[in-house]
Amino acid sequence: MTDVRIESDSLGTVEVPADKLWGAQTQRSLEHFSIGQDLIPREMITAYAILKRSAAAANHAGGRLNDQAYELITRACDEILAGKHRDMFPLHVWMTGSGTQFNMNVNEVVSNQCCQFAGTPLGSKHPVHPNDHVNMSQSSNDSFPSAMNIAAALHTKQRLMPALTALRDAIAAKAAEWKDIVKIGRTHMQDATPLTLGQEWSGYAGMLSDDLERIEHALEGVYQLALGGTAVGTGINAASGFAEAATAEIAKFTGLPFASAPNKFAVQGAHDALVQLSGTLRTLAVSLCKIANDIRLMSCGPRAGFAELHIPENEPGSSIMPGKVNPTQAEALTMIAVQVMANDVAVGFGGAGGYLEMNVYKPLMIANIAQSIGILSDGCTNFRKFLVEGTRPNHKKIAEYVDRSLMLVTALAPVIGYDKASQIAHHAMDHDLTLKEAALELGFVDERTFDRVVDPAKMVKPYVAGAPS
């Protein structure tokens, strides 16, 4: 059997594996809430280490935490931030909805690290006590939502936004490269008037630019922290000025504009800023789904589809059909989009489920948000590297569709009228003629006028045939 040591909490003693840094409350949670395989997001470990480090600095500066405890807590948090002891945070998402047990997991690990540094026994809570020192001026009710916000903001700024920006830029580069390739447009999945391939892709870049702005706006609320509100928002057991001092330390350490929320009751009774962020991630997912679906439509074929784009051949597409290649990156990104949309539903229900002074769906909310940020980040990166950057236009097929399009007749409408232009289109379709052949056969326009007016290159910008230039 694994060697154990005895740790204690307010309910009594608990056997804890001797080689683990957690304590009694963490062990109780493992016994009572080992549900599924979902662990508290690893981003929360980093966020809590930043929070505990910053709280210790504020308490030390205020004369409430002695030099030794401050230095030991800082050292312990720095080790966690360096990536050590990640396996000492084993708790599952499906625990107490306030996150109390994870907060205590952090407190106990930091306390026991400090014991190791000081040469005192694990579990002795000396010279650093998990509640009295590591948790000084805090409650799970204000520290866990603050850690949620820190984790979400850091993850978004450090991973998602760079990945999304790189994807946007790669798409914009293709749009610039293809600005003069005239293709046929499609509305209702039917032929429409021309545009350039570059214009089409510029729309995708524009969507993602808008999403980046939306995310930045959503983060403004996430930067408002509950820390200092303690149990119910009143700040009981937190000294005056602690909230501002600790939050300033967090802002300094992360380089992000975190601030003490002016109304702690608002940010502890509800987590609306995270709900808004999740909704913004959903909007991004919708954008990415549209872009991925468009690209797989334009690349479908190679001989029985649109085939306007050649996409990279990354892996064989079939175990039975030799030579088949599938738009797998588009498929992956659309699956990610569906998951993010589903996550947002859970976050919305979680956000709406708060009662009175505290919302007890915190672990659910941050688990879904963290997953959304993570898979969107990776999805954007892979879609850029393995699809967008290697995609090429099929010039022959694009030109063929333009040459045979019936909707070029739109340019003739101002010259001969809508009804005659419509007759030309139907005549061409019914008799398998080109638009020019049909127009000349019906006698509605001469060849010279047709060639002057029906010019696809003119139709990709504001253009009225015969209008003053």
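## The second largest pocket

How much space lies in the second largest pocket? About 450 Å³, in a predicted model. A pocket here is an open set of points on a 1 Å grid over the protein atoms alone, with protein on both sides within 12 Å along at least five of seven lines, where a 1.4 Å probe fits. Grid points are joined across faces, edges and corners, and the volume is the space filled by probe spheres set on the points.

Its lining holds 18 residues, and Ser299, Gly301, Pro302, Glu313 and Val325 lie nearest the centre. Lining residues are those with an atom within 4 Å of a point. They divide into 8 nonpolar, 6 polar and 4 charged; Ala, Val, Leu, Ile, Met, Phe, Trp, Tyr, Cys and Pro count as nonpolar, Asp, Glu, Lys and Arg as charged, and the others, Gly among them, as polar.

## The largest pocket

The largest pocket has a volume of about 550 Å³. Of the 25 residues that line the largest pocket, Asp191, Ser405, Leu406, Met407 and Ala425 lie nearest its centre. Two or more lining residues come from each of β3 (182–187), β4 (190–196), α13 (395–404) and α15 (418–430). Here helices (H or I, at least four residues) and strands (E, at least two) are DSSP runs, numbered from the N terminus.

With 7 residues, α15 gives the most to this lining. By residue class, the lining of the largest pocket has 14 nonpolar, 6 polar and 5 charged members.

## Backbone points to check

Most residues other than glycine have a negative phi, and most peptide bonds are trans.

Leucine 356 has a positive phi, near 55°, in the loop between α11 (328–352) and α12 (362–386). Leucine 356 counts as exposed at 76% relative accessibility, where exposed means over 50% relative accessible area (1.4 Å probe, protein chains only). Aspartate 432 also has a positive phi, near 50°. This aspartate 432 lies in the loop between α15 and α16 (435–442) and is exposed, with a relative accessible area of 58%.

## Reading the values

Residues are numbered from 1 along each chain as its sequence is written, and side-chain values use heavy atoms, with hydrogens and water left out. Local features need pLDDT of at least 70 and side-chain atom pairs count only at pLDDT 80 or more, while totals for chains, interfaces and linings use all residues.

Notes: Buried means under 20% relative accessible area, exposed over 50%, partly exposed in between (1.4 Å probe, protein chains only).
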